Amino acid sequence: MNINIIDNDLLSIQEARILAENAKDAQVKLAGFAQDKLDAIVENMAAAVAPFAEDLAKMSAEETEYGVWQDKYVKNRFACEYLPLHLKEMKCVGIISRDDSKRIMDIGVPMGVLVSLCPATSPVSTTIYSALIAIKSGNSIIFSPHPRAKKTIGKVLDIMIQAAEEAGLPGGAMSYLHTITKSGTEELMNHNNTALILNTGVPDMLESAYKSGKPVIYGGTGNGPAFIERTANIHQAVIDIIASKSFDNGVVSAAEQSIVVDGCIADQVREEFKANGAYFMTEDEAERLGKLYFFKDGTPNPELYGKSASDLAKWAEIPAPSNVRVLISEQKYVSENNPYSKEKLSPVMAFFVEDDWMHACEKCIELLLSEKQGHTLVIHSNDESVIEQFALKKPVGRVLVNTPAVYGSMGATTNLFPAMTLGSGSAGQGITSDNVSPMNLIYVRKVGYGVRRIEDIGMGEPLNNKSNGLSAVDSDKLQMLQKLIESALANIN
């Protein structure tokens with residue numbers, strides 16, 4: 001009797017090894033490409049995938065059952081139309097800056113082979129974005145698609161790989177795992193050829209990424225609060241928060257997870273939320289919904305990701321109106337056992353009231369540290385001193401002021417770099433807290449020309465090590481060094 005047994009783990013590991021070897025060979029060629037040649041490839045990739053933005057949005061929503069396709073379409077266009085405009089003038093490889101007066105240069109050098117883990121929550125826009133910034137900076141990139149979005153991510157990459165290779169990208173410089181297993185992904189991350197891991201919202205693979213010993217850029221759990229301070233434009237703050245949290249049914253990790261309100265305006269804020277589609281749950285209603293969100297072991301239930309507020313209300317038997325946009329639970333304390341202290345990738349938020357901005361500051365810190373990612377904080381205020389204190393004291397990657405978290409964090413309503421991966425480096429997660437750009441995917445080689453001779457600074461001969469003090473020659477050298485220091489200080493001042 002013949003029994004054909006297919007071991008997907010072994011197949012995935014073997015494929016990972018082949019992809020890593022091919023990517024390294026391609027990287028050798030890619031490293032010699034000038035910036036204008038890389039730019040032409042990037043432009044061709046973006047132009048090729050742009051006409052499919054709507055179809056891919058529908059495909060991803062159908063395959064993953066997360067979010068709203070219309071909002072995904074917006075994200076897809078942001079990645080393939082708006083992002084390339086910002087990439088166009090960037091210099092990432094070769095001589096990227098030169099200061100002729102100081103006689104120094106910076107040389108951009110690609111990191112090498114990148115491994116990218118894309119999430120199921122924003123599979124198309126994140127894949128497009130990661131591919132564009134990798135090739136822009138002269139790196140090879142291998143994708144490990146999320147199993148829940150593998151068909152969609154595969155479709156995106158097939159389009160972009162064909163367009164890139166037609167424009168001159170070496171074969172193997174951009175590829176993806178077709179047999180997707182944890183073992184195969186770990187093999188990719190641990191392979192000797194891998195230089196950097198780009199993990200966008202795949203927390204299950206974070207520990208494995210760190211164990212690889214490779215640099216990790218992690219854009220993960222947000223759990224970001226939004227503070228509404230007494231000087232804020234309350235109406236605009238509420239409009240911004242609801243628009244942000246309901247976008248794509250809350251799957252964007254940068255979206256507000258909690259609202260912290262200055263006590264003296266709490267009643268006004270509640271009424272404004274109610275007037276704009278928010279429903280405040282009773283204690284019993286919030287408890288019923290909270291039990292749906294997390295399993296007994298504390299892990300989140302992914303089947304609730306990206307579901308509408310009205311669907312969530314039905315499942316928890318909450319009598320919210322059919323046009324409800326967000327569900328809100330009033331809370332007092334932050335704790336590990338409180339589901340409303342944690343990130344929820346859907347239009348559900350906690351609501352905390354504090355006596356003043358100082359207590360609100362402490363509450364925001366508690367919320368940010370509860371999941372230890374240091375992602376994003378929003379403050380709505382017109383008091384610059386309060387805004388500065390929040391910016392100075394929060395353990396967070398980015399602070400957004402008077403703007404919706406989703407749009408502000410990705411660079412749509414702010415001048416931050418347009419990005420679909422937001423680093424969470426401030427709390428020890430990942431190597432950067434930046435809005436990740438091609439500049440995070442290179443290292444900078446410094447070049448410095450000699451502008452002073454050793455005789456000019458009195459260091460032509462070693463200092464005498466005499467026990468009985470400095471010689472006359474030594475004293476002259478120290479005087480010259482003192483003059484050099486004074487000259488530098490004068491230039492600074």
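Phe295 is found in the loop between helix 11 and helix 12, where helices (H or I, at least four residues) and strands (E, at least two) are DSSP runs numbered from the N terminus. The model is predicted: local features need pLDDT of at least 70, side-chain atom pairs count only at pLDDT 80 or more, and totals for chains, interfaces and linings use all residues. Residues are numbered from 1 along each chain as its sequence is written, and side-chain values use heavy atoms, with hydrogens and water left out.

At 44% relative accessibility, Phe295 counts as partly exposed; buried means under 20% relative accessible area, exposed over 50%, and partly exposed in between (1.4 Å probe, protein chains only). Not counting residues up to four places away in sequence, Phe295 touches Pro300, Asn301 and Pro302, contact meaning heavy atoms within 4.5 Å. From C-alpha to C-alpha, Phe295 and Ile18 are 38 Å apart in space and 277 residues apart in sequence.

The structure holds 7 aromatic pairs. Rings of Phe, Tyr and Trp (its six-membered ring) pair if their centres lie within 6.5 Å; planes under 30 degrees apart count as stacked, over 60 as edge-to-face and the rest as tilted. The rings of Tyr66 and Tyr305 are a tilted pair, because their centres are 5.7 Å apart and their planes stand at 50 degrees. Tyr66 lies in the loop between helix 3 (53–64) and helix 4 (69–87) and Tyr305 in the loop between helix 11 (283–293) and helix 12 (309–315), so the pair ties together parts that are 239 residues apart in sequence. Both Tyr66 and Tyr305 are buried. Ring pairs also link Phe227, Trp357 and Phe390 into a cluster.

Most residues other than glycine have a negative phi.

| Residue | Phi | Place |

Glu317 counts as exposed, at 62% relative accessibility.

The axes of helix 2 (residues 35–49) and helix 6 (residues 150–166) come within 8 Å and cross at roughly 140 degrees. Axes are lines fitted to C-alpha atoms, for helices over the stretch in contact, and angles run from 0 to 180 degrees between N-to-C directions. Helix 2 and helix 6 are therefore oblique to each other; angles under 35 degrees count as roughly parallel, over 145 as roughly antiparallel, 65 to 115 as roughly perpendicular and the rest as oblique. The contact is made by Ile41, Asn44, Met45, Ala48 and Val49 of helix 2 and Val156, Ile159, Met160, Ala163, Ala164 and Glu166 of helix 6.
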